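Please examine the sequence and structure shown here.

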Number of protein chains: 2
Amino acid sequence: MAVQERGVRTRRGLVLAAALEIDRAGYEGATLTRICAAASVSMGALTFHFPSKAALADAVQEEGRALAQRLVGRILESPEPTLRAVADLTVGLAGLLEEDVVVRSAARLARERPQQPDRWVQVWLPAVCDLLERARRAGGGDMVAHPGAVVALVGYLLTGAEAQMRAGCVSGGGRVAQQVADIWRFVLDGVAAHSA
Amino acid sequence: MAVQERGVRTRRGLVLAAALEIDRAGYEGATLTRICAAASVSMGALTFHFPSKAALADAVQEEGRALAQRLVGRILESPEPTLRAVADLTVGLAGLLEEDVVVRSAARLARERPQQPDRWVQVWLPAVCDLLERARRAGGGDMVAHPGAVVALVGYLLTGAEAQMRAGCVSGGGRVAQQVADIWRFVLDGVAAHSA
């Protein structure tokens, strides 16, 4: 049992170390030697858990996507009006990308390994489409006049947020999520008045 | 005179070939050999016009910025209401990035050569601030309630547009500019009703 626990801890340590390394150097640039050193784990222990860099990257993507999908799931259950929920989803994901290196690394991997089926857009696109479709079916004031534009806005804000973080244009510490929240407030103020 | 004209043509051919190469391979990855081949120019002729890769990249950045600033200048003179002008500027720059390899390459170089003073944000940021400030001074219905959010929105849309183009998420042919235009229409519809 103690051995099993240690195994789980080692595995998690490796996934975190891999996320840090990939966030910094990208998939191509990441080396297993640096990941072992950061996780204080031997190469033998690494290959016991992950036979290849690809397998380790798969684990980072899986964990990052799971974290993001937990957030998306919570928002799908919230009783907020449609666009407010879409805004919460965008701001929440921008915040996760900013705060959580595993999520940020998973998003980077999804871009750098386009041959993998795991596309980052699948984390949020079905949820946004679901919210818009529910509103359309329900009709009334919560229906969104330009659903395609809303989907595009979410996509541009999230790719823009990732690019800003990577370029170091913003200093982190919630700055990107705050900017995305400010943009949505500006948009929602106008839209709310429109449907009033 | 004919010699001079040929020199100008060679110079322009080199700048275009460099822009194509940098757009594809980045500043680090770009090679002078491939640029010579693409421009059908000898290495001697290249070094006659540009003593180094840095000098050639400077020329790409200068020409790309000049093209973008011509567009920005036209918009600053237009009689459109503030947010419509900001939208035209964003859509116009997204279109230029999409259509013009020199502009796209200049934006990429500004990001990949951060030690250079020429930051891409300087192409549009002063103009957007100018438009917002003019509206603030004039007061009335054209004043913008969230100027900081508008600046952030332009930045996210443009970095997002560039990222989408690089990732090949969109197939070009005006697709990115159209998406940015759709997003602004959605935003402006709401804002127009708000101030009505």
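M43(B) belongs to helix α3 of chain B, residues 43–49, where helices are DSSP runs of H or I with at least four residues, strands are runs of E with at least two, and numbering starts at the N terminus. This is a predicted model, in which local features need pLDDT of at least 70, side-chain atom pairs count only at pLDDT 80 or more, and totals for chains, interfaces and linings use all residues. Residues are numbered from 1 along each chain as its sequence is written, chains are lettered from A and ligands numbered from 1 in the order in which they are written, and side-chain values use heavy atoms, with hydrogens and water left out.

The relative accessibility of M43(B) is 38%, so this residue counts as partly exposed; buried means under 20% relative accessible area, exposed over 50%, and partly exposed in between, with a 1.4 Å probe and protein chains only. Leaving aside residues up to four places away in sequence, M43(B) touches L32(B), T33(B) and C36(B), a contact being heavy atoms within 4.5 Å. The C-alpha atoms of M43(B) and T33(B) are 7.2 Å apart in space, while the two residues are 10 apart in sequence.

In the loop between α2 (32–39) and α3 of chain B lies S40(B). This serine is not a glycine, yet S40(B) has a positive phi of about 50 degrees. Most residues other than glycine have a negative phi. S40(B) counts as exposed because its relative accessibility is 66%. In chain A, S40(A) is placed in the loop between α2 (32–39) and α3 (43–49), and S40(A) has a positive phi of about 50 degrees as well. With a relative accessible area of 67%, S40(A) is exposed.

A UniProt annotation from an unreviewed entry, "DNA-binding region", covers residues 31–50 of chain A; UniProt positions are given in the numbering used here, feature names are shortened, and annotations may be inferred rather than shown by experiment. Over residues 31–50, chain A is 75% helix and 0% strand, and the end C-alpha atoms are 13 Å apart.

Chain A as a whole has 9 helices and 0 strands. Its C-alpha atoms fill a box of roughly 65 × 35 × 30 Å along the principal axes. Of the 196 residues in chain A, 46% are buried. Among contacts in chain A between residues at least 6 apart in sequence, 72% join residues at least 24 apart. One of the buried residues is T82(A), at 5% relative accessibility, in helix α5 (residues 82–99). Beyond residues up to four places away in sequence, T82(A) touches L131(A), L132(A), A135(A), D142(A) and V144(A).

The two chains also meet: 28 residues from chain B and 28 residues from chain A take part in the contact. About 2500 Å² is buried between chain B and chain A, with carbon and sulfur atoms giving 76%; buried area is the accessible area (1.4 Å probe) that two parts lose on being put together, summed over both. In chain B, H146(B), Y156(B) and F186(B) lose the most area to chain A, together 33% of what that side buries. Helices α8 (147–167) and α9 (175–195) of chain B each supply at least two residues of the side that touches chain A.
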